[in-house]
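Here are my notes on the model you sent over, as numbered points. Have the viewer open while you read.

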Amino acid sequence: ISGYTAAYNHCKEIHDRPLCSLKTAELQKVIDDCPAGSNTKVQIKVVMNGIFEYGLQNDIVNKNYASFIEIETSDPVIDRIPFTRSEIDMLWTMLDNVAARIVLILIYSGMRVNELLKMPRECCDLKERSLNILKAKNKYSIRKVPIHDKIFDLVKGFYDMGGNNLIVNDGGFNVTYNNFATRDFIRLMKEIGCPEHHLHDTRHTFITVGRNYIDKLLLQKIVGHKPADITDKVYTHIEFSELLTAINKIKKI
């Protein structure tokens with residue numbers, strides 16, 4: 001009940017509107033303008049759906065416009081700890097370890113873990129120096145990630161192993177998220193003396209360092225974040241070459 005009440009309170013701007021006058025665009029605006037995370041937005045949609053279903057049952061409306069609302073999922077809010085320079089330097093001394101190579105690629109690309117682990121080998125373009133994400137949780141996450149010069153040989157090493165996915169272990173088998181997250185990553189973090197790290201710290205590290213070197217819009221394009229400004233979101237077109245130049249402005253993370 002408290003969850004429904006909180007979600008309803010996020011809809012204050014349309015509280016005084018007749019239900020039959022509301023359409024998808026106005027409902028979507030309530031969702032998009034809400035500063036809370038995706039879990040709260042899902043709850044708001046649940047409340048809107050319930051109200052429209054009531055309206056249908058009582059001949060107040062002819063269509064459930066709440067059913068057309070789209071919600072962009074967001075990463076869970078967890079305290080993040082960027083990798084330190086000494087921790088990253090230690091990873092570079094462990095290139096015989098598959099997990100260490102994966103973590104370095106994540107740190108220097110800003111990719112989400114599953115974006116990398118599930119990437120088919122053919123989505124890696126070594127000539128263009130890009131990692132192409134064709135399936136994602138939202139349209140902004142579908143993108144080309146430039147390969148930083150620092151990790152090019154690491155990416156090429158995985159590519160040359162010839163697996164179905166880009167990332168495979170020494171036996172040529174795909175590295176699954178569950179095995180990597182619950183076993184390999186934890187072992188690696190203990191080995192370098194920082195067991196407090198979470199997987200998403202790799203992405204947090206890239207963004208934290210990257211904003212000191214890269215234009216905000218270019219950084220958003222690289223990591224797959226939705227620009228807040230309508231001009232950036234709709235009218236600004238960026239060539240991939242700009243992203244490749246931008247990422248290599250980061251000389252050392």
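1. Let's start with helix α12 (residues 240-247), where Phe240, Leu243, Ala246 and Ile247 are buried. Buried here means under 20% relative accessible area, exposed is over 50%, and partly exposed is in between (1.4 Å probe, protein chains only). Looking down the axis of α12, the buried residues fall within an arc of 120 degrees, so they line one face of the helix; the arc is taken from the directions from the helix axis to the C-beta atoms. They pack against α5 (98-109), β2, β3, α9 (201-210) and α10 (216-223), with contact meaning heavy atoms within 4.5 Å.

2. Some housekeeping before going on. This is a predicted model, so local features need pLDDT of at least 70 and side-chain atom pairs count only at pLDDT 80 or more, while totals for chains, interfaces and linings use all residues. Residues are numbered from 1 along each chain as its sequence is written, and side-chain values use heavy atoms, with hydrogens and water left out.

3. On the whole chain: the protein chain has 12 helices and three strands. Helices (H or I, at least four residues) and strands (E, at least two) are DSSP runs, numbered from the N terminus. The C-alpha trace spans about 65 × 40 × 35 Å along its principal axes. Of the 253 residues, 43% are buried. Take the contacts between residues at least 6 apart in sequence: 63% of these join residues at least 24 apart. The chain exposes about 13900 Å², with carbon and sulfur atoms supplying 51% of it; accessible areas come from the Shrake-Rupley method with a 1.4 Å probe, and for residues only the protein chains shown count as cover.

4. Now the sheet. The three strands form an open sheet in the order β1-β2-β3, with antiparallel pairing. β1 (124-125) and β3 (143-146) are the edge strands, each pairing on one side only. Two strands pair if DSSP finds at least two bridges between them. β1 and β2 (residues 130-133) have two bridges, and the partner of Asp125 in β2 is Ser130. β2 and β3 pair over four bridges, and Leu131 stands opposite Val145 in β3.

5. Is β2 covered on one face or both? Both: Ser130 and Asn132 on one side and Leu131 and Ile133 on the other are all buried. As background, side chains in a regular strand alternate between the two faces of the sheet. While you are there, check the β1-β2 hairpin, which has four residues between its strands. Arg129, in that turn, has a positive phi of about 65 degrees.

6. How many salt bridges does the structure hold? Nine, where a salt bridge is a side-chain nitrogen of Lys or Arg within 4 Å of a carboxyl oxygen of Asp or Glu. One of them joins Glu115 and Arg143 (2.9 Å, N to O). This pair links distant parts of the chain, with Glu115 in helix α6 (residues 113-117) and Arg143 in strand β3, 28 residues apart. Glu115 counts as buried because its relative accessible area is 12%, and Arg143 is buried too, at 9%. Arg112 joins Glu115 and Arg143 in a network of salt bridges.

7. Compare two other pairs. Glu128 and Lys144 meet in a salt bridge at 3.1 Å, N to O. Glu128 lies in the loop between β1 and β2 and Lys144 in strand β3, so the pair ties together parts that are 16 residues apart in sequence. Glu128 is partly exposed at 26%, as is Lys144 at 36%. In the salt bridge of Arg17 with Glu26, the closest N and O atoms are 2.5 Å apart. Arg17 is partly exposed at 31%, and Glu26 is partly exposed at 28%.

8. Last, the surface around α3. Tyr4, Val42 and Val46 make a nonpolar surface patch of about 260 Å². Patches are made of residues with over 30% relative accessible area and no salt bridge, joining like charges within 9 Å and nonpolar side chains (Val, Leu, Ile, Met, Phe, Trp, Tyr) within 5 Å. Val46 is in helix α3 (residues 38-57) and is partly exposed at 37% relative accessibility. Ser67, in the loop between α3 and α4 (85-92), touches Lys45 and Asn49, leaving aside residues up to four places away in sequence. Ser67 is partly exposed at 39%.
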